[in-house]
Amino acid sequence: MFIPKLYKSEDYNLMREIIRENSFALLISSVDKIRATHSMMMLNEDDPENGYIETHISRANPQAKTLKNGDEVLCDFLGAHTYISSSWYDHINVSTWNYEAVQIRGKVEIMDHDELYAHLDKLTFKYESFQQCPMMVKDMGREFVEKEMKGAFGIKIIPTEIFIKQKLSQNRKENDFNNIIIQLGQSDDNARKIAEKMKVIKK
């Protein structure tokens, strides 16, 4: 991901927020050819000094058949994003897109049986907790879960590089910047979220 200095962030709390709120992300590899799979990802920070990404994909997926310990992959998370119309400027210019994104490059560690079970337990808890009648892994019975696990390929991604981008019209003069916020505030949820982010960096 190309990140001009103006848009580069080293805010790891922002990184956590983007991953937490946009966890259906892309797992990209290039072992034999370029492959990409959308998968549910979680940031494991049990050890804050050695955090990593954990996910799983289908064992039938060709990507799973090629990945092995030590392979390099890229996890791509797209946060809030929205179109910025050039009609909102007080001069002629080009339209663009404001967005937040995180990319984590790292090394693969294939999960063992117990790690995969724990991963599925945590992932299920995260999304079932808010359901009217939650169905947790413990409610399914270990025998059933372990049978289903045979079709899952669990991996940990140990980060080697982290990239955080926050492109929020930082290159615009004050009048244009303020008008962009006003215009975005009258649009959809994603646009309003970007507007709120812009208000924060303005302070």
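In this predicted model, helix α7 runs over residues 189-202, which makes 14 residues in all. From the first C-alpha to the last, α7 reaches 20 Å, close to the 20 Å expected at 1.5 Å a residue. At the start of the helix, a side-chain oxygen of Asp188 comes to within 3.4 Å of the backbone nitrogen of Asn190.

So which residues of α7 are buried? They are Ala191, Ile194, Ala195, Lys197 and Met198. Looking down the axis of α7, these buried residues fall within an arc of 165°, so they line one face of the helix. On the face of α7 turned away from the buried side sit the exposed residues Asp189 and Val200. The cover over the buried residues of α7 includes α1 (12-21), β5 (72-84), β6 (96-110) and α6 (174-184).

The structure holds one cavity of 30 Å³ or more, and the largest cavity has a volume of about 40 Å³. Its lining includes Lys193 and Lys197, along with Glu17, Ile18 and Glu21. Two or more lining residues come from each of α1, β5 and α7, and α1 gives the most, with three residues.

Then there is the open space. The largest pocket holds about 250 Å³. It is lined by 14 residues, and the closest to its centre are Pro48, Asn50, Gly51, Pro159 and Ile162. Helix α1 shows up again here: α1 and β7 (152-167) each supply at least two residues of the pocket lining.

Terms used. Residues numbered from 1 in each chain as written. Predicted model: local features only at pLDDT ≥ 70, side-chain atom pairs only at ≥ 80, totals over all residues. Heavy atoms only, no water. Helix = DSSP H or I, 4+ residues; strand = E, 2+ residues; numbered from the N terminus. Expected span 1.5 Å × (residues − 1). Buried < 20%, exposed > 50% of the residue type's maximum accessible area, 1.4 Å probe, protein only. Arc of directions from axis to C-beta. Contact = heavy atoms within 4.5 Å. Polar contact = N/O pair within 3.5 Å; in protein donor to acceptor, adjacent residues only side chain to side chain. 1 Å grid on protein atoms, 1.4 Å probe; cavity = no way out; pocket = protein on both sides within 12 Å on 5 of 7 lines; lining within 4 Å. Points joined across faces, edges and corners; volume = space filled by probe spheres on them.
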